[in-house]
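Hi,

Here is the structure I said I would pass on. Have a look at it first, and then read my notes below.

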Amino acid sequence: YPSDLAVRRHIEHAWRSASVDCGFDEVEGPTFEHLELYTAKSGEGIVNELFSFRRAGGENDYALRPEFTPTLARMVAARAGSLPVPVKWFAIPNMFRAERPQRGRLREFVQWNIDVCGVEGATTDVDVIAVAILALERLGLTPNDVQVRISHRVAIARMLGALGVTAEKSADAMTLLDRRDKLKPEEFAQRAGELGLSADAVARFDTAARTTQRLAEPISTLAARIGIAADELSALDEVRAAADRAGILDWCTVDVGIVRGLAYYTGTVFEVHEISGAERAVAGGGRYDGLVELFGGPKMPACGFGMGDVVLANVLRDRKLLPDD
């Protein structure tokens with residue numbers, strides 16, 4: 001309806017203007033891809049989350065796109081040798097998820113994607129986050145409304161090792177961290193014990209999973225609260241320094257429980273959340289250095305995020321930040 005579409009266009013304008021002003025070029029991909037594009041990245045389990053189909057009389061399986069990152073990685077891989085570095089692309093495509101519609105989640109939605117390929121380091125990660133913040137600022141939001149919850153897969157892996165989690169159990173421990181907010185405390189503790197940890201280590205793991213602090217505070221303070229050496233979290237120190245240089249510390253919180261369940265993330269990971277926690281994540285992303293190579297391209301570092309319109313519109317509406325007209 002006109003009023004609903006006006007809200008979407010208002011949001012899209014903020015997304016597009018932030019992208020262009022930060023030097024990103026707009027791209028687009030097909031509405032559906034070969035199903036194997038998504039199973040290659042996320043495994044066969046993702047099929048249950050997709051609208052997939054086979055054309056009558058055909059042999060190939062297809063799926064309506066549930067996200068844009070695999071398409072982007074395929075496009076970069078196809079022309080990697082001729083693309084300028086860094087590759088800075090954005091897209092605002094329609095997405096589809098085979099889920100039960102509920103507050104903050106629809107079967108079809110619009111998602112803003114920002115990706116940078118070809119450059120390593122925390123500075124690039126923070127530059128990507130800063131684009132998201134710029135759009136949120138232009139929509140009237142402040143650090144008192146939303147926070148970027150940041151973590152780092154390498155730092156978390158080292159933290160888990162310091163807590164006694166073996167390398168073989170590290171992936172299971174990260175999966176458990178990712179489900180932190182979906183489990184009751186007693187079930188979380190039980191599953192932590194199944195990682196082979198002592199009772200004391202389980203208690204420390206539980207503490208670590210729920211530890212957050214403003215990124216403006218020293219990372220050594222966070223390490224002390226968890227009970228590990230500060231150098232185990234040195235990767236987060238690099239992110240903090242880059243965020244300080246970018247002037248976005250007030251927007252950011254370190255959250256050890258943010259690991260982003262998708263296995264292709266390799267470094268910095270982050271989610272944007274409404275401050276009260278009443279809504280689903282507004283956005284999520286991180287560094288995925290191996291994905292372009294997975295789709296036949298050269299080894300190429302990459303970082304990006306996706307931000308949907310549904311939750312963001314809820315946040316703007318609740319805070320009365322949508323124009324009256």
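Let's start with the aromatics: there are seven aromatic pairs in the structure, which is a predicted model. Take Phe32 and Tyr62. Their ring centres are 5.5 Å apart and the planes sit at 85 degrees, so this pair is edge-to-face. Phe32 belongs to strand S2 (residues 32–34) and Tyr62 to strand S4 (residues 61–64), so the pair ties together parts that are 30 residues apart in sequence. Phe32 is partly exposed, because its relative accessibility is 41%. Tyr62, on the other hand, has 19% relative accessibility and so counts as buried.

There is also a cluster to look up: Trp15, Trp112, Phe270 and Phe305 are linked by ring pairs.

Over the ring of Phe24 you will find the charged end of Lys88, 4.8 Å from the ring centre. Arg210 does something of the kind with Phe188, lying over its face at 4.9 Å from the ring centre.

While you have S4 on screen, look at Leu64, which is in that strand. Leu64 counts as partly exposed because its relative accessibility is 23%. Which residues does Leu64 touch, leaving aside its neighbours within four places in sequence? The contacts are Thr31, Phe32, Phe51, Phe53 and Phe96, and Phe32 is the residue from the ring pair with Tyr62. Ala98 is 34 residues from Leu64 in sequence, and the two C-alpha atoms are 9.7 Å apart in space.

Now the charges. Side chains of opposite charge can pair when their charged atoms come close. I get 19 salt bridges in this model, and three of them are worth a visit.

- Glu12 and Arg9: their side chains meet in a salt bridge, 2.8 Å from N to O. Both residues are in helix H1 (residues 2–21), three residues apart, which is about one turn of the helix. Glu12 is buried because its relative accessible area is 11%, while Arg9, at 47%, is partly exposed.

- Asp318 and Arg103: the closest N and O atoms of this salt bridge are 3.0 Å apart. Asp318 lies in helix H12 (residues 309–318) and Arg103 in the loop between strand S6 (94–96) and strand S7 (108–117), so the pair ties together parts that are 215 residues apart in sequence. Asp318 is partly exposed, with a relative accessible area of 47%.

- Arg287 and Asp125: here the side chains form a salt bridge at 2.8 Å, N to O. Arg287 is in strand S12 (residues 283–287) and Asp125 in helix H4 (residues 122–138), so this pair ties together parts that are 162 residues apart in sequence. Are these two buried or exposed? Both Arg287 and Asp125 are buried.

Next, strand S10. In a regular strand the side chains alternate between the two faces of the sheet. S10 (residues 252–255) has Cys252 and Val254 pointing one way and Thr253 and Asp255 the other, and all of them are buried. What does S10 pair with? Strand S8 (residues 146–152) pairs with S10 in the parallel sense, over three bridges, and Ile150 stands opposite Val254. Strand S9 (residues 212–214) pairs with S10 in the antiparallel sense, also over three bridges. There, Arg214 has Thr253 as its bridge partner.

Last stop, helix H5 (residues 153–162). Which residues of H5 are buried? They are Arg153, Ala155, Ile156, Met159 and Leu160. Looking down the axis of H5, these buried residues fall within an arc of 160 degrees, so they line one face of the helix. After H5 comes Gly164, which has a positive phi, near 105 degrees.

That's all from me for now.

Cheers

How values were computed:
Residues numbered from 1 in each chain as written. Predicted model: local features only at pLDDT ≥ 70, side-chain atom pairs only at ≥ 80, totals over all residues. Heavy atoms only, no water. Phe/Tyr/Trp six-rings, centres within 6.5 Å; stacked < 30°, edge-to-face > 60°. Helix = DSSP H or I, 4+ residues; strand = E, 2+ residues; numbered from the N terminus. Buried < 20%, exposed > 50% of the residue type's maximum accessible area, 1.4 Å probe, protein only. Lys NZ or Arg CZ within 6 Å of the ring centre and 35° of its normal. Salt bridge = Lys/Arg side-chain N within 4 Å of Asp/Glu carboxyl O. Pairing = 2+ DSSP bridges. Contact = heavy atoms within 4.5 Å. Arc of directions from axis to C-beta.
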